[in-house]
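I opened the model to look at strand pairing and charged side-chain contacts. My notes follow.

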Amino acid sequence: MAIIRAMKTLLVIGYVWPEPKSSAAGSRMLQLIECFQQAGFKVTYASPAAPSEHAIDYQQHQISTCTIELNNESFDEYIKQLQPNVVMFDRFMMEEQFGWRVEKHCPQAIRILDSEDLHCLRFARQTLAKQHPQQVIKHVSDQNLFTDQAKREIAAIYRCDLTLTISQYEMQILQQRFGVPANILLYMPFMLKQINVNTDIPFHERTHFVSIGNFRHEPNWDAVLQLKQSIWPLIRKQLPHAQLHIFGAYPPKKATQLHNEKQGFLVKGWCEDAFKELSKARVLLAPLRFGAGLKGKLLDAAQCGLPAVTTSIGSEGLFDNNQPSTALVSDNFDQFAQLAVDLYRHETTWQQAQNACLTFLTDGFAWKTYSQAMIESLHHLANNLETHRLNNFTGSMLRHHTMKSTQYMAQWIEAKNKLN
């Protein structure tokens, strides 16, 4: 591991500033950063995004920060001085913007793409969901998947030395449907340092239903609408005294207007301590009709000993390989509502789901397993970078052509901005 010890600087170029208390994406980014820090890296996080009110305390986490500009040569001077050994792009759009500058000024830096989720899959499903407002969208045909956005995203994957993929389901799509070589992909789910399941509050002391998710994430907002329009009236008919507590960062006015005390539909918005609220509830509802990646809310629920009801989208990548299921799954919202009522009423069914939580988390998301895999992959890349890149001719070709066009477009915008 001598090479790894010699590599000391990681630059993360982020689409947004991470908010672990607001989104699963923020939690995952912090996990990845901590993994690098354990391997001896000094970490700098840079983003062109506006400051975030729910961002982490960077000093507390020993992370340096820098605000960078799009289409501005100031980044060139910045990265020439920093000279990172590893650069990680948070989402493919950041690789498009800054990848050519990184390659120009730090050609030997290992370039990693953290895909977060497969964006082309999520947006293809979202497009289909708008066309079919009553359906859960799981399968996407090649015609709907192979969009211009997919071309951009897959090109960014090829241009990087390694892409971190959060879902085994998406690993299969990348390899089987897009033909991406396995050696430039690494499966990296959520990583949990300490795996504990909160069983302190038993079934009879837990009350009400809960839903949680950042309102800026379109699948979460759609799920709230499904609850309001289709699912909650059916549940409430059988459980007239039950309440649904809906938490999530950045609730818009259209969401808070759904709040209705008489219906037990309570839109509570931002939550400082999600685990505290989840640990008090009896059932989590996650009627996601579209999306991609892994659903962090289901992992959080499992850590809180909270059984859930979700869809095939919510369970994707979590319960696909015979893992013990902490959730009941249905894509039919009438059945979804009945499963929720049964889980809420029947302690035996509820307890079986809670009992599955520990094995589910331990088998699928242990910190040591996946952090070690990433460091070993970095070690291998550091020792074989030239050969690795020679074997990825498609990536070299795309960097030659695409990065030139991206570079010239960026320089044209930069020149235009100077004139203005």
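I took buried as under 20% relative accessible area, exposed as over 50%, and partly exposed as in between (1.4 Å probe, protein chains only). Helices (H or I, at least four residues) and strands (E, at least two) are DSSP runs, numbered from the N terminus. This is a predicted model, where local features need pLDDT of at least 70 and side-chain atom pairs pLDDT 80 or more, while totals for chains, interfaces and linings use all residues. Residues are numbered from 1 along each chain as its sequence is written, and side-chain values use heavy atoms, without hydrogens and water.

**Strands.** I began with β2 (residues 42-47), where five of six residues are buried. I counted strands as paired if DSSP finds at least two bridges between them. β2 runs parallel to β1 (residues 9-14) over five bridges. Isoleucine 13 has alanine 46 as its bridge partner in β2. Five bridges also join β2 to β3 (residues 63-67), again parallel. There, valine 43 stands opposite isoleucine 63.

**Salt bridges.** My criterion was a side-chain nitrogen of Lys or Arg within 4 Å of a carboxyl oxygen of Asp or Glu. I found 17 in the structure. Arginine 28 meets aspartate 114 at 2.7 Å, N to O. Arginine 28 is in helix α2 and aspartate 114 in strand β5 (residues 110-114), so the pair ties together parts 86 residues apart in sequence. Both residues are buried.

Next I checked aspartate 76 with arginine 101: the closest N and O atoms are 2.8 Å apart. This pair links helix α3 (residues 74-82) to helix α4 (residues 92-105), 25 residues apart. Arginine 101 counts as buried because its relative accessibility is 1%.
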